Structures are given as structure tokens and as C-alpha cells.
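Please read the following report alongside the sequence and the three-dimensional model.

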Amino acid sequence: MDVIYLHFKRLLTIMIRIIYLVSFLLLGCDMGTSSDEDKIHKLTNGKTINLVAPEKTLIINYWATWCAPCRDEIPELNELAHELSESVVVIGVNYDQVQGEKLTQQMQSLGIKFGNLLNDPRDIWNLEPVTVLPETLIINTKGELIHRMVGPQTKKSLSALVTAN
């Protein structure tokens, strides 16, 4: 039974990657200019954010309720968001792509105090889908990906990366 499950899980992973690859190829066929809709992303707190040209450095954290390291780093991210609010915006992305009231409940249960994107923005930086959680991206004010970290981060480590740029 375990062997069947592992084969099924592997096949599912391959199928998801193929779907993403085909999606990216199809998106690449549109050579039109990008609209403001492509740049502006909605947050759970009702605000919007321009990920292509943000006003402040962005820390984008991918999390899930079932991810123990994610739960451990959320208080660190909350503190960082508060302490560096003049120069940094911390935003989250729910790995499971939960929406609406369920997303709000999950954020509350984990004590997330920062806004979360309603859609995954990885395609902006041509990144492959998340495979390990937590994952954290640092985006500069030019909209460029400057750091991609896999695994749990601390307030100290993120602060050092943000202030070094």
C-alpha cells in the first residue's frame, strides 16, 4: 500500500509540474504589454500592492497550517513586520491556496498579523512551484527577486538580508 501511495504521489507531482510548464508556455505566447492588473495584487486586508515596483522591500512568505516550521517562524515575521515597517512590507501566501473565510480563520489561528496575497505571484519572477515549506522571497523596490530562502527563517536572519541590500 505504501508503494502505491508513493507512486501515486510521484505521478501527481509530475503531472502538476507538467501543468505548470504548459501554463507558463501558454502565458509566454502573449507578447502584449502588461496591464496594471498584472502588477497590482490584492491582499486579505483589503489593500493592494504593486509587486513589480513596490514602494518598500517585500518579504513574501509561503506558509501552511500543517507546516510546523511555518508556525514557528510566524511570530518572527510578525515582529519583523512591526519593527521594520518603515522600509519593509511582510506579506504571506497560503501554500494550499485557501481563500475567503477559511483563509482568514487560518491566519487568525496561526496569529498572522501581516496581509496575505490572494494569488501566488511566483510567475512574476519565473519561479517554479514551491516544493518545500516554508519558503521566503525578498523583493527589492525595483521588483527584483534578490533572495530566495527555503526553510525556516528568523527575524535576525531576514533583517540582516534586508539591511544588507
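## The disulfide

The torsion about the S-S bond of Cys67 and Cys70 is about 80°, so the disulfide is right-handed. A disulfide is here a pair of cysteine sulfur atoms within 2.5 Å, and the sulfur atoms of Cys67 and Cys70 lie 2.3 Å from each other. By this rule the count comes to one disulfide. In general, such a link is a covalent bond between the sulfur atoms of two cysteines. Both Cys67 and Cys70 are buried, where buried means under 20% relative accessible area, exposed over 50%, and partly exposed in between (1.4 Å probe, protein chains only).

## Basis of the model and its confidence

This is a predicted model, in which local features need a pLDDT of at least 70 and side-chain atom pairs count only at pLDDT 80 or more, while totals for chains, interfaces and linings use all residues. Residues are numbered from 1 along each chain as its sequence is written, and side-chain values use heavy atoms, with hydrogens and water left out.

The pLDDT is the predictor's confidence in each residue, from 0 to 100. Its mean for the protein is 87, and 82% of the residues reach 70 or more. Confidence is highest in strand E3, at 98, and lowest in helix H2 (residues 36-39), at a mean of 62. Over residues 29-34 the pLDDT is below 50, and beyond near neighbours in sequence this stretch has one contact in the model; contact means heavy atoms within 4.5 Å. Where pLDDT is low, the predicted coordinates should not be read in detail.

## Overall composition

The protein has five helices and six strands. These elements are DSSP runs numbered from the N terminus: helices are H or I with at least four residues, and strands are E with at least two. From the N terminus on, the order is α-α-β-β-β-α-β-α-β-β-α. Of the 165 residues, 34% count as buried. Among contacts with a separation of 6 or more, 65% come from residues 24 or more positions apart.

## The sheet and the helices packed on it

Four strands form an open sheet in the order E4-E3-E5-E6, with mixed pairing. Its edge strands are E4 (88-94) and E6 (145-150), each of which pairs on one side only. Two strands count as paired if DSSP finds at least two bridges between them. Strands of a sheet pair through backbone hydrogen bonds, either parallel or antiparallel. Two of the pairings are set out below.

| Strands | Bridges | Direction | Example of bridge partners |
|---|---|---|---|
| E3 and E4 | seven | parallel | Leu58 and Val89 |
| E5 and E6 | five | antiparallel | Thr136 and Met149 |

Helix H3 (residues 68-83) packs on the sheet and touches E3, E4 and strand E5 (135-139); its direction makes about 160° with that of E3. Helix H4 (residues 100-110) also packs on the sheet, touching E3 and E4, and its direction makes about 95° with that of E3. For such angles, axes are lines fitted to C-alpha atoms, for helices over the stretch in contact, and values run from 0 to 180 degrees between N-to-C directions.

Which residues of H4 are buried? They are Leu103, Gln106, Met107 and Leu110. These residues cover an arc of only 100° around the axis, which puts them on the same side of H4; the arc is that of the directions from the helix axis to the C-beta atoms. What covers them includes E3, H3 and E4. The face turned away from the buried side carries the exposed residues Glu101, Gln108 and Ser109. H4 is followed by Gly111, whose phi is positive, near 75°.

## Backbone features in the loops

Most residues other than glycine have a negative phi, and most peptide bonds are trans. Gln97, in the loop between E4 and H4, has a positive phi near 55°. Gln97 is exposed, with a relative accessible area of 51%. Asn126 lies in the loop between H4 and E5 and has a positive phi of about 55° although it is not a glycine. At 65% relative accessibility, Asn126 counts as exposed.

Pro134 is also found in the loop between H4 and E5. The peptide bond from Leu133 to Pro134 is cis, with omega near -10°. In the hairpin of E5 and E6, five residues stand between the strands, and Gly143 takes a positive phi near 80°.
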